[in-house]
Amino acid sequence: MLAADTSPSDAPLVLQLHWYPQAQFAGYMMAEEKGFFRKAGLTVKLRWSDAGEKPFEQLAEGRCQFCTGWLCEAVREWDAGHRLVNVAQVFQRSSTLLVTWNDSSIKRPEDISGKRVGLWGGNNDIQTLTFFRRRKIEPIIVPQSASIVPFLRGAVDVASAMHYNEYHKFIEAGVSPDRLRVFSLADYGLDFPEDGLYCTAATRRDRAATCAALVAACRQGWNYALDHESETLNVVMKHCRATGARTNRNHQQWMLRSVGVAIRGQPGDTTAPFGNLSAKAYGSVAQMLRDQHLLRASPAFEQLYQPVSHGDNPQGR
């Protein structure tokens, strides 16, 4: 069960992001920087996570009021008894990749069988493991840290990567893109929507206007971040320096542009409104998790996804 939110109504809301500061979270940084939270009547504290900290657990224990996380992980948390709610699906597309050398013997996904594959561990691997099971691929799993060094030094034949992060790190390390063979899981029917905004079911029920105000401010933050690249990168780098995150502006620029595609789509795409989660996309994710015996049961779409609007009860704040 989820712990009740017993924080005073005027206490700062804690929004826990699921990794260290980087442009993946630029919209939330800009909502804070430009005063969008304050203008919405909210006091919000952004909290970062390290590799061992799980925001959904923090949410379940009442240590934060809102958090970000991946949809596939949220579905499994719900199945485990944590009644959380998606109030805005921010990333509409998957950025998850498997990367190998172009001159290796791996020419198609099935060639990965018997090869050493770096995986991050835990719920981060749900999508990739589903890919392997669906295609009857039997790799040798090797634990992979956030470092790209094991792949560059040949410790693994295939590396897990996010398009907005590790893939660009290979390029920054001097690897020409034409030396890499990339399997985008989205191209193989596994386009899992990733980052979403979550709270407990109780918070969604009892503080509906707060939820609506937070989502609206985050939408403003993301729109501003994607439309004002240089200013946003200044803010991202400020947060990175403050926490000692090792990165550079060029990498964060790549990341900001890449997550912009995950949120808005490519130019000319028919993009879903900010925060939208389609029943079809959710059903696909839940069905795949059930097929791979990673769920006992999945919540109904309306149980997990409860979007908010400014029309929600203002007394709920």
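Helices (DSSP runs of H or I with at least four residues) and strands (DSSP runs of E with at least two) are numbered from the N terminus. The model described here is predicted, so local features need pLDDT of at least 70 and side-chain atom pairs count only at pLDDT 80 or more, while totals for chains, interfaces and linings use all residues. Residues are numbered from 1 along each chain as its sequence is written, and side-chain values use heavy atoms, with hydrogens and water left out.

**Helix H1 and backbone angles**

Just after H1, glycine 35 takes a positive phi of about 80°. The terms for accessibility are as follows: buried means under 20% relative accessible area, exposed means over 50%, and partly exposed lies in between (1.4 Å probe, protein chains only). The buried residues in H1 are Ala26, Gly27, Tyr28, Met29, Met30 and Ala31.

Most residues other than glycine have a negative phi. Histidine 293 lies in the loop between helix H12 (279-291) and helix H13 (301-304) and is exposed at 73% relative accessibility.

**Pockets and cavities**

Rolling a probe the size of a water molecule over the atoms shows where empty space is left. On a 1 Å grid over the protein atoms alone, a cavity is a set of points where a 1.4 Å probe fits but cannot get out, whereas a pocket is an open set with protein on both sides within 12 Å along at least five of seven lines; lining residues have an atom within 4 Å of a point. Grid points are joined across faces, edges and corners, and a volume is the space filled by probe spheres set on the points. Of the lining residues, Ala, Val, Leu, Ile, Met, Phe, Trp, Tyr, Cys and Pro count as nonpolar, Asp, Glu, Lys and Arg as charged, and the others, Gly among them, as polar.

| Space | Volume | Lining by class |
|---|---|---|
| Largest pocket | about 1100 Å³ | 13 nonpolar, 16 polar, 8 charged residues |
| Second largest pocket | about 340 Å³ | 5 nonpolar, 8 polar, 4 charged residues |
| Second largest cavity | about 40 Å³ | 6 nonpolar, 3 polar, 1 charged residues |

The largest pocket has 37 lining residues, and His18, Trp19, Tyr20, Ala51 and Ala146 lie nearest its centre. For the second largest pocket, lined by 17 residues, those nearest the centre are Ser94, Ser95, His163, Val261 and Gln266. Helix H11 gives 6 residues to the lining of the second largest pocket, the largest share.

The whole structure contains 2 cavities of 30 Å³ or more. Residues lining the second largest cavity include Gln144, Phe151 and Glu166.

**Cysteines**

A disulfide is counted when a pair of cysteine sulfur atoms lies within 2.5 Å, and the structure holds 0 disulfides. The sulfur of cysteine 67 is 5.1 Å from the closest cysteine sulfur, in cysteine 64, which is too far for a bond. Cysteine 67 is buried, at 0% relative accessibility.
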